[in-house]
Amino acid sequence: MLLSTILLALRSIRRNLLRSFLTVLGIVIGVSAVITMVTLGNGATQAIQNQIASLGTNLLQIRPGQRMGPGGSGGAPSFKDTDADAIAQQIGGILAVAPEARTSTTVVANGRNWTTIVTGSTNAWLQVGNWTVRAGRDFTDAELRAGSAVCLIGETVRRELFGENSDPLGEYVRVKAFSCEVIGVLGSKGQGAFGNDQDDVVLMPLKTYQRRVTGNTRVNTLLVSMQDGSDPERVKASLTQLLRERRKLASTDEDNFNVLDTKQLADTLSGTTRVLTTLLGAVAAVSLLVGGIGIMNIMLVSVTERTREIGLRLAIGALEGEVLMQFLIEAVVLAALGGLVGIVLAALASLGLAFLMGVPYTVNVGVNLLSFAFSAAIGVVFGYFPARRAARLDPIEALRHE
């Protein structure tokens with residue numbers, strides 16, 4: 001009996017293909033909009049997490065001044081490379097510490113010039129930043145102590161100075177008034193969390209940078225990588241106490257440095273994008289309700305058009321429940337069909353938009369299933385009233401209907 005009811009419902013839908021298509025269009029748009037918004041939002045969240053993770057694992061950035069960003073130092077004294085040694089020796093839970101000084105300058109090689117970020121640090125800089133050396137080697141202890149004229153370059157610098165598919169090892173890059181030998185090429189990391197090109201970098205020993213590039217011993221940033229499982233709050237408290245002692249701050253003085261936990265930054269930005277994703281998904285879900293109202297409207301029209309047919313079925317012995325089930329199945333099939341088509345369109349739209357936006361395409365099976373179930377539920381909710389109206393028709397009055 002149920003099978004015959006389903007066949008009757010499908011036959012009725014097939015008789016009015018254009019009207020059925022226009023009816024499910026609202027559901028298609030609603031489902032595809034919800035899934036696309038949520039998928040792109042999840043992709044954006046994943047992109048932010050990946051970009052911040054590329055800065056380093058369990059990374060703390062310590063800079064002079066009371067706030068981050070340009071001009072944030074407020075005249076606070078810079079760090080020294082000995083501060084990094086003290087942190088590594090006196091604080092537990094530390095994996096590596098790297099002093100960092102950097103500036104933007106023009107480098108020249110192979111008849112080409114390129115403005116890039118020149119960074120002075122140690123091999124620990126590679127460890128805290130999750131860098132790999134794609135070709136060549138890192139610095140030796142002797143080169144670090146002596147401040148030798150050697151450097152490692154990023155992929156962008158290699159491409160701009162030496163061209164595609166080139167091998168710059170053993171070549172020389174002129175930085176200001178001296179030339180340094182390229183001993184290694186860094187593995188590519190792509191765009192950073194703040195839109196910067198992480199591969200646009202020249203790395204040299206800190207002493208080389210201080211003597212030949214800036215002429216001073218200032219260190220702009222201390223990069224601290226914590227061990228897995230360490231307590232970030234305890235480590236930050238120990239860092240703060242140690243640096244206050246080394247910078248000779250009285251108990252009443254405010255900190256003249258700031259500590260940024262990149263994990264907290266990632267959690268904050270990810271939480272923001274998740275809220276925006278939820279908001280966009282909720283706005284898109286409104287179109288699902290509009291589609292449900294469209295289904296109710298068409299089903300009411302269908303009941304009016306088929307009043308004589310309903311009366312005839314009831315007159316020859318069809319039960320009210322069978323008529324109710326027939327119209328309810330029609331509404332659910334329309335809504336479910338719209339849900340399936342919406343899922344397919346959402347997959348295509350999400351894939352294309354994710355490529356254009358440069359974010360990962362992440363398939364959320366739960367959202368797809370929930371959207372389909374919601375579309376089917378809309379068919380039940382908005383199809384029940386027209387179906388009940390059809391089932392309660394008086395057979396005699398229905399047969400008299402013109």
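**A walk through the predicted fold**

Just after helix H7, Gly215 takes a positive phi of about 75 degrees. This is a predicted model, where local features need pLDDT of at least 70 and side-chain atom pairs count only at pLDDT 80 or more, while totals for chains, interfaces and linings use all residues. Residues are numbered from 1 along each chain as its sequence is written, and side-chain values use heavy atoms, with hydrogens and water left out.

Now for the overall picture. The protein chain has 13 helices and 10 strands; helices (H or I, at least four residues) and strands (E, at least two) are DSSP runs, numbered from the N terminus. Of the 402 residues in the protein chain, 45% are buried. Here buried means under 20% relative accessible area, exposed means over 50%, and partly exposed is in between, with a 1.4 Å probe and protein chains only. Among contacts with a separation of 6 or more, 77% join residues 24 or more positions apart, a contact being heavy atoms within 4.5 Å. The accessible surface of the protein chain is about 19900 Å², and carbon and sulfur atoms account for 59% of that; these areas come from the Shrake-Rupley method with a 1.4 Å probe, and for residues only the protein chains shown count as cover.

Back to H7, which spans residues 206-214. Its buried residues are Leu206, Thr208, Tyr209, Gln210 and Val213. They pack against helix H3 (81-90), S2, S3, S6, strand S7 (178-186) and S8.

Some of those strands also pair up with each other, and two strands count as paired if DSSP finds at least two bridges between them. Strand S2 (residues 94-109) and strand S3 (residues 112-121) are antiparallel, with nine bridges. One of the residues involved is Ala101, whose bridge partner in S3 is Gly120. S2 and S3 form a hairpin with two residues between them, and Asn110 in the turn has a positive phi of about 55 degrees. S3 also runs parallel to strand S8 (residues 201-205), to which five bridges join it. There, Ile117 has Val201 of S8 as its bridge partner.

What about the inside? The largest nonpolar core has 40 residues, and Ile62, Ile87, Ile153, Val173, Val175, Met204 and Leu222 have the most contacts inside it. S2 supplies the largest share of this core, five residues. Apart from it lies another core, of 23 residues, including Leu288, Val323, Leu328 and Ala346. A nonpolar core is a set of buried Ala, Val, Leu, Ile, Met, Phe, Trp, Tyr and Cys residues joined through side-chain atoms within 4.5 Å. Leaving out residues up to four places away in sequence, Met204 touches Val118, Thr119, Gly120, Ser121, Phe139, Val150, Cys151, Val175, Phe178, Tyr209 and Val213.

Charged side chains have their own story. There are nine salt bridges, each one a side-chain nitrogen of Lys or Arg within 4 Å of a carboxyl oxygen of Asp or Glu. Glu155 pairs with Arg134, and their closest N and O atoms are 2.6 Å apart. Glu155 sits in helix H6 and Arg134 in strand S4, so this pair ties together parts that are 21 residues apart in sequence. Glu155 is buried at 12% relative accessibility, whereas Arg134 is partly exposed at 49%. Arg158 joins Arg134 and Glu155 in a network of salt bridges. H6 (residues 155-162) also holds Thr156, which is buried at 5% relative accessibility. Setting aside neighbours within four places in sequence, Thr156 is in contact with Trp114, Asp197, Asp199 and Asp200.

Further along, Asp255 forms a salt bridge with Arg244, with 2.5 Å between the closest N and O atoms. Asp255 lies in the loop between H8 and strand S10 (257-261) and Arg244 lies in helix H8, so the pair ties together parts that are 11 residues apart in sequence. Within helix H8 (residues 232-246), Glu233 and Lys236 lie three residues apart, about one turn of the helix. These two also form a salt bridge, with the closest N and O atoms 3.4 Å apart.

Asn130, in the loop between helix H4 (124-128) and strand S4 (133-136), has a positive phi of about 55 degrees although it is not a glycine. Asn165, in the loop between H6 and strand S6 (172-175), has a positive phi near 55 degrees and is exposed at 78% relative accessibility.
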